[in-house]
Amino acid sequence: MALEKYKEKRDFHTTPEPPARPGQPHRKPIFVVQEHHASRLHYDFRLEADGVLKSWAVPKEPSTDPANKRLAVHVEDHPLAYASFAGTIPEGQYGAGTVEIWDSGTFDNLLTEKPVPQTVAEGIAAGRLEFALHGKKLRGRFALIRMSGKGRKDNWLLIKMKDEMARPEAGTNGRASRKAAPQRQARSTPAPPQRRPAAKHAKEGVTFTNLDKLMYPEDGITKGEVIEFYRRIGPRLLPYLRDRPATLERLPEGLDGAQAPHFWQKNTPASYPDWIPRVELPSEQGKTVNYVLVNDLDNLLYLVNQGTLTFHAWFSRVEDLDRPDFVLFDLDPGQATFGDVVTVANELYEVLKEEGSKAYVKTSGKTGLHVLVPWKEGDYDEARAWAQRLAERVVEALPDQATTERSKAKRGRRVYVDVLQNARGHHAVPPYVLRAVPGATVSAPLRWSEVTPDLDPARFNLKTLFRRLARLKRDPLAGLAPATGRRGKK
Ligand code: MN
């Protein structure tokens with residue numbers, strides 16, 4: 001079996017690494033590069049094929065400069081679930097040290113376009129792979145080529161092929177960089193603008209326009225203030241957006257009246273610059289949708305400048321889109337009072353506690369509350385079924401205040417405990433986003449001790465949030481972020 005070696009090397013009672021199980025192939029194969037601070041820092045380069053991750057250990061950071069060929073030592077296959085693994089492998093275990101995700105995305109096997117098409121496995125057997133990577137750092141065509149003759153037979157070279165995504169290293173030119181670069185190239189750097197117009201942004205940041213436009217006219221809040229809000233909240237918000245297909249709620253003219261455009265954008269316009277990462281996914285209607293990935297502050301602020309007020313994100317990440325990493329209980333008051341929402345939230349907290357689940361709570365930013373639970377157990381169907389069972393227990397305890405009834409008419413004045421959003425393709429507002437309603441309210445993390453009848457969700461808004469965050473000693477969602485979003489870039 002492909003994962004036998006992987007299994008042999010590890011004690012799964014001790015290491016947090018995923019078990020040796022093959023995974024469900026993704027619709028579009030994925031790649032990941034993990035920065036592995038083991039006894040010696042290296043980068044593990046992995047490509048999905050045949051339900052596992054074909055893997056190479058690269059002693060130096062992969063380069064986007066075709067002149068910088070990287071040694072890549074072919075190592076044992078890893079399970080597909082390894083693609084989202086980040087954490088610490090304990091002392092004494094194989095590979096002891098920390099693992100961070102350095103880059104990830106999808107790839108195309110370019111061998112399929114050859115006169116004699118080959119699969120990835122066939123390419124490995126033949127000693128040559130060519131693929132186009134769609135990551136954040138690694139983009140465009142790459143090759144992995146087995147070195148012949150000298151050395152061990154598992155020594156390969158990882159090479160950036162020449163194309164418009166190639167980026168000669170800074171301060172070097174072409175061949176000279178092979179000597180000069182190794183110690184200094186902490187990160188890949190775009191080429192000079194005259195050669196790489198598309199890369200200009202990375203150094204120049206986002207250009208902001210119409211900063212004086214009133215986005216929340218009732219509150220006197222300008223676009224400049226919205227941008228400043230997202231700039232400041234970015235470091236807290238990004239872990240909940242990164243690598244999750246996002247839907248954007250765009251109001252380019254702000255909330256000004258019923259005529260103002262207000263639309264939900266799933267497909268990323270082709271006119272957006274090519275440094276805005278996208279992931280191409282089939283829609284339920286069979287069309288392809290280029291979802292945007294909000295992976296760094298420049299991505300976030302560019303989209304805000306385009307008039308996005310609210311970001312909605314999937315429950316799963318590109319590494320494993322079929323498996324959510326949290327479960328959402330959306331408590332929607334409808335005709336009920338907010339006091340009832342509070343009662344239902346507290347009952348749900350008790351039910352989850354009995355279940356041994358750690359629950360986190362935030363305002364939705366509108367009238368409801370969101371209860372979030374980290375999820376590692378399975379796919380969306382399993383997550384939703386589990387959530388449904390717990391929701392039913394809440395309804396049993398509070399039949400007059402809670403319901404799982406889908407029909408609005410039948411809910412009456414009861415709080416709807418909505419678990420149906422735990423489904424592939426659905427999305428929810430992450431913590432810290434602004435809502436497109438008067439008051440510029442924010443989806444705000446809460447301590448459970450604050451979930452009392454006098455809680456007023458409107459208190460948490462663009463103007464008050466940072467004061468609150470400065471006062472809170474501890475992030476109420478600490479413990480959720482590591483499960484749902486790996487840490488930000490170092
Ligand atoms: Mn490694």
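What percentage of the 490 residues in the protein is buried? In this model, which is a predicted one, buried residues make up 41% of the 490. The protein has 11 helices and 22 strands. Of the contacts between residues at least 6 apart in sequence, 64% join residues that are at least 24 apart.

I shall begin with helix α6, which spans residues 297-305. Its buried residues are Asn299, Leu300, Leu301, Tyr302, Leu303 and Val304.

Let me turn to the pairing of α5 with α6. In general, two packed helices are described by the angle between their axes and by the distance between those axes. Here the axes of α5 and α6 come within 10 Å and cross at roughly 145°, and the crossing is right-handed. On the α5 side, the contact is made by Val226, Ile227, Tyr230, Arg231, Gly234 and Leu238. On the α6 side, it is made by Leu297, Leu300, Leu301, Val304 and Asn305. Sorted by class, this contact of α5 with α6 has 8 nonpolar, 2 polar and 1 charged residues.

In what order do its 6 strands stand? The sheet is open, with the order β20-β21-β17-β19-β18-β22, and its pairing is mixed. Why is one side of β20 and of β22 left without a neighbour in the sheet? β20, residues 402-403, and β22, residues 445-446, stand at the edges and each has a single partner strand, so one side of each has no neighbour there. For β22, strand β18, residues 360-363, is joined to it by 2 bridges, and the two strands run antiparallel. Within this pair, valine 361 has leucine 446 of β22 as its bridge partner.

Helix α7, residues 338-354, lies across β17 (326-332), β18, β19 (369-374), β20 and β21 (415-418). Its direction is at about 10° to β19. Helix α8, residues 380-397, lies across β17, β20 and β21, and runs at about 40° to β17.

Notes. Residues numbered from 1 in each chain as written. Predicted model: local features only at pLDDT ≥ 70, side-chain atom pairs only at ≥ 80, totals over all residues. Buried ≥ 20, exposed ≤ 12 C-beta atoms within 10 Å, placed from the backbone. Helix = DSSP H or I, 4+ residues; strand = E, 2+ residues; numbered from the N terminus. Axes fitted to C-alpha atoms, helices over the stretch in contact; angles between N-to-C directions. Left-handed = near helix turned anticlockwise from the far one by under 90°. Contact = placed C-beta atoms within 7 Å. Nonpolar A, V, L, I, M, F, W, Y, C, P; charged D, E, K, R; others polar. Pairing = 2+ DSSP bridges.
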